[in-house]
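Trainee: Please take me through this structure feature by feature, giving the general idea before each case.

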Amino acid sequence: MSLNILHNPDAADIARRPQDFLRQLADPTLIVVDGRDNSRCRAVSTLLHGNEPSGLKAVHGWLRRGERPRYRMLFFISSVAAALTEPLFSHRQLPGERDMNRCFRPPFDDRPGLVAGEILELLERYGPECLIDIHNTSGMNPAFGVATHEDPAHEALVTLFTRRLIITDIRLGALMETSRPDFPAVTIECGGNRDPAADRLAVEGLEKFLSRDEVLQLPATGLHLDLYHHPVRLELDSETRIRFADEPDPDADITVPRHLERYNFGRVGTGTFLFWLGPQGRARMRLRDASGGDVLSRYFNCIGHCLYAAQPIKLFMVTDNPVIARSDCLLYAAPESGHTMLDS
Ligand SMILES: [Zn+2]
């Protein structure tokens, strides 16, 4: 096995600091903690990305308190080596390896793929009733959830943490894509990976997930959720030079104005200026929808060296970090659909 499995670790044996706790684990680890009732089981995944520590900190703090969960708990802590690579908590994955949260579909033949395959086997073996996968974004974002299914069970899981939910039909090989009606799984983006508010949100949401009798039902009184459908991803070639600045950088393929973050989860009207593009900028970016095709011209207009919104959209910045933006997605956009009231 690539994964270690620990059963009911003694709180007194767990190192005081999260990074020292990771050194104790050394490898990807499943921690099984028996509950007051073991007829049911729930699962938490965290640190699939080594630079996203809010979920790890919440799990570590809870384990150190030595409490019992309501039901048996599975805690998967995955990218231990990436997180421990100096500088601490700055590597999404180990250099040269695939993104761990793109490996939950075949082939499972490299190291992160083997870990992902074993996580799927262990989920099959223990049969948890649901899973939350806790992440951070790289910018100063508000929290949001992502799910592949739109139903009360997925919505109830997300509302333990946040009232914003993106329903995605894009398939990347992420853990939450293994969701089924009898095993709802969601991604929770707690907020920025250096934001103390994101750490608190993870602690509070995890506490509810561990202690509540039911986590898959919405309150009978109903609640208000902001729902976003059919997001598209802005993907950049790995060699793209991206800068965050208030005027176009002549050496950059894409210059993102710093104020763009103010549109986060807000409305962007037709004709709104978004980025400056260098000569190679357009050729190095693609806007992917669920079909995998490039739909950039449907959402954005390139006029001169500038990129504008071609229709009213909602923007979700997922990173303001050029290091990460070069290897992943810069932002999501969704056609403006407003929000949905869920009333009982
Ligand atoms: Zn992540």
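This is a predicted model: local features need pLDDT of at least 70, side-chain atom pairs count only at pLDDT 80 or more; totals for chains, interfaces and linings use all residues.

Trainee: How far apart are the end C-alpha atoms of helix α4, and what span should its 16 residues have?

Mentor: The general idea is that the expected span of a helix is 1.5 Å times one less than its number of residues. For the 16 residues of α4 (residues 111-126) the span should be 22 Å, and the end C-alpha atoms lie 23 Å apart, which agrees.

Trainee: Which residues of α4 are buried?

Mentor: A residue is called buried if 20 or more other C-beta atoms lie within 10 Å of its own, exposed if 12 or fewer do, and partly exposed in between, with the C-beta atoms placed from the backbone. In α4 the buried residues are Pro112, Gly113, Val115, Ala116, Ile119 and Leu123. They cover an arc of only 165° around the axis, the arc being that of the directions from the helix axis to the C-beta atoms, and they therefore lie on the same side of α4. On the other side of α4, Glu124 and Arg125 are exposed. The cover over the buried residues of α4 includes β3 (37-46) and β4 (71-77), where contact is taken as C-beta atoms, placed from the backbone, within 7 Å.

Trainee: Which residues of α6 are buried, and which are exposed on the face turned away from them?

Mentor: The buried residues of α6 are Ala198, Asp199, Leu201, Ala202, Gly205, Leu206, Phe209 and Leu210. Because their arc around the axis is only 160°, they sit on the same side of α6. The face turned away from that buried side carries the exposed residues Pro196 and Lys208. Among the elements that cover the buried residues of α6 are β3, α2 (54-65), β4, β5 (131-137) and β8 (185-192).

Trainee: How many residues of β5 are buried, and which point each way?

Mentor: In β5, 7 of its 7 residues are buried. Leu131, Asp133, His135 and Thr137 point one way, while Ile132, Ile134 and Asn136 point the other way.

Trainee: In which sense, parallel or antiparallel, does β5 pair with β3 and with β8?

Mentor: Strands of a sheet pair through backbone hydrogen bonds, either parallel or antiparallel. Two strands are taken as paired if DSSP finds at least two bridges between them. β3 and β5 pair in the parallel sense over 4 bridges, with serine 45 having aspartate 133 in β5 as its bridge partner. β5 and β8 likewise pair in the parallel sense, over 6 bridges, and histidine 135 has glutamate 189 in β8 as its bridge partner.

Trainee: What is the order of the 5 strands in the open sheet?

Mentor: The order is β11-β12-β14-β17-β16, and the pairing is mixed. The edge strands, each pairing on one side only, are β11 (242-244) and β16 (300-303). Strands β12 (residues 254-256) and β14 (residues 273-277) run antiparallel and are joined by 2 bridges, with threonine 255 standing opposite tryptophan 276 in β14. Strands β14 and β17 also run antiparallel, joined by 3 bridges, and here the bridge partner of tryptophan 276 is cysteine 306 in β17.

Trainee: How many residues lie between β16 and β17 in their hairpin?

Mentor: There are 2 residues between them, and glycine 304 in the turn has a positive phi of about 60°. The two strands pair in the antiparallel sense over 4 bridges, with asparagine 301 having tyrosine 308 in β17 as its bridge partner. Strand β17 (residues 306-309) has a covered face, Leu307 and Ala309, and an uncovered one, Cys306 and Tyr308.

Trainee: Is phenylalanine 89 buried or exposed?

Mentor: Phenylalanine 89 counts as buried because it has 23 C-beta neighbours inside 10 Å. This residue lies in the loop between α3 (80-84) and α4. Leaving aside neighbours within four places in sequence, phenylalanine 89 is in contact with Gly50, Asn51, Pro53 and Ala83.

Terms used. Residues are numbered from 1 along each chain as its sequence is written. Two residues are in contact if their C-beta atoms, placed from the backbone, lie within 7 Å.
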